[in-house]
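Have a look at the model first, then read on.

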Amino acid sequence: MYGCGASQANNNPGNQAAPLPVLQLSTVPATTYREYSATIEGRVNVEIRAQVDGILEKIFVDEGAYVKAGQPLFKINDRLYNEQLSNANASLLAAQANLEKAQVEVDRITPLVKNNVVSEVQLKTAQSTYAAAKAAVAQAQAMVGNARINNGYTLITAPVSGYIGRIPYKTGALVGRSEPQPLTVLSDVSEVYAYFSMSEPDFLQFKNNTEGATIADKVKRLPKVELQLADRTIYPEKGTIETMEGQFDKTMGAVSFRATFPNAAGLLRSGNTGKIRIPEQFEQAVLVPAEATYELQDKVMVFVVADSNKVAGVPITIAGKSGNYYFVEKGVKAGQRIVYSGLDRLHDGTPVAPQLMSLDSLLKAKPL
């Protein structure tokens, strides 16, 4: 009876080693990318607003058009402001005439005072009148200048070269300084800024792993970056990370960076989105397929096959990722064997019958 029971136990499939594909780890040189969501803005985004109230008489440009600095954009009816300028000029002429009259009176009385023909009080009165006339001329000149400025505001020109945004107003609309919407937004996109945020753990890794005495030095030493567009294509020009904000956003736990990209062809516009890709070079990195990992309590794990062909779960530290592969910094090393698939049937101490597979063949089927 005992012998029979032992025979049954040996034939129990649960005690047999499961044949599973096993991969021997090795190192490969590779480049991976850290990706961060980004928003694109033109180097200059100018809100074009009316500086005077009036009827929008002409619109010289269309939405999306490229304009040069100084090019006319809008014309506000200027009849009222022409009249104000004419009135101001007339007031200036009258003030100048009064000034000349006051000067004549001073010139007439001055010799009479010297000859004691009239009293000095009369001269002082004439001089006061002259000073008041002179002040009136200055005031009139200021009114002319103000009227001329307002009249000039009726023709709105482009302050910079760039692309015209949406134009919410039509010809005949009443516009002015109190309107909440600008006439349009003018974007200079000869260069564009890509703004992205880095989490606190990523920032600490950047700070610890990048050479430089200060954060500014470290930012300057960052490599050229790529911009992945919304359709997952890569923008042809490389960008440079130039600045970072001085403090973390408390609500998001992240700090913002700005990368600059040339945009001579105008392919990028304000409002575009994408991903900033910061390259990382690995001369000899341990390569682990993502399929050969599992998660346990926020840790990424692999099943390492020991010499006894029993498996043990080992946590790994991921330094980067490319496609379906992880580049491992700690946890496993080249030459060790890990289980590639069938992980859901395993636990620490489970025996396996290794079915060795080649990393080269895996890379041919699923390249980096």
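## Charges over rings

A charge counts as sitting over a ring if NZ of Lys or CZ of Arg is within 6 Å of the ring centre and within 35 degrees of the ring normal. Keep in mind that this is a predicted model. With that in hand, take Arg 269: it lies over the face of Tyr 163, 3.8 Å from the ring centre.

Arg 277 does the like with Tyr 33, over whose face it lies, and here the distance to the ring centre is 4.0 Å.

## Aromatic pairs

How many aromatic pairs does a search of the whole structure find? It turns up eight. One of them is Phe 196 with Phe 257: the ring centres are 5.5 Å apart and the planes meet at 15 degrees, so this pair is stacked.

Now for Tyr 235 and Phe 261. Their ring centres are 6.1 Å apart and their planes stand at 80 degrees; planes over 60 degrees apart count as edge-to-face, so that is what this pair is. Tyr 235 belongs to the loop between strand 10 and strand 11, while Phe 261 is in strand 12, so the pair ties together parts 26 residues apart in sequence. As for cover, Tyr 235 has a relative accessibility of 5% and counts as buried, and Phe 261 is buried too, at 0%.

## Loops with something to show

Most residues other than glycine have a negative phi. Arg 232 has a positive one, about 75 degrees, although it is not a glycine. You'll find Arg 232 in the loop between strand 10 (226-229) and strand 11 (240-244). Is Arg 232 buried or exposed? Exposed is the answer for Arg 232, because its relative accessible area is 60% and the cut-off is over 50%.

Asp 298 is another non-glycine residue with a positive phi, near 65 degrees. Its place is the loop between strand 14 (294-296) and strand 15 (299-305). With a relative accessible area of 83%, Asp 298 is exposed.

Then there's Gly 271, in the loop between strand 12 (254-262) and strand 13 (273-289). Gly 271 counts as exposed at 59% relative accessibility. Between the C-alpha atoms of Gly 271 and Ile 109 there are 73 Å, with 162 residues separating the two along the chain.

## The whole chain

Zooming out, the protein chain has six helices and 20 strands. Its radius of gyration is 39 Å, well over the 21 Å that the globule rule gives for 368 residues, so the chain is more spread out than a compact globule. Along the principal axes, the C-alpha trace spans about 155 × 45 × 35 Å.

What share of the 368 residues is buried? Buried residues make up 35% of them. The accessible surface of the protein chain is about 21600 Å², and carbon and sulfur atoms hold 51% of that. Among contacts with a separation of 6 or more, 75% are between residues 24 or more positions apart.

Terms used. Residues are numbered from 1 along each chain as its sequence is written. This is a predicted model: local features need pLDDT of at least 70, side-chain atom pairs count only at pLDDT 80 or more; totals for chains, interfaces and linings use all residues. Side-chain values use heavy atoms; hydrogens and water are left out. Helices (H or I, at least four residues) and strands (E, at least two) are DSSP runs, numbered from the N terminus. Buried means under 20% relative accessible area, exposed over 50%, partly exposed in between (1.4 Å probe, protein chains only). Rings of Phe, Tyr and Trp (its six-membered ring) pair if their centres lie within 6.5 Å; planes under 30 degrees apart count as stacked, over 60 as edge-to-face and the rest as tilted. The radius of gyration is taken over C-alpha atoms; the globule rule is 2.2 Å times the number of residues to the power 0.38. Contact means heavy atoms within 4.5 Å. Accessible areas come from the Shrake-Rupley method with a 1.4 Å probe; for residues, only the protein chains shown count as cover.
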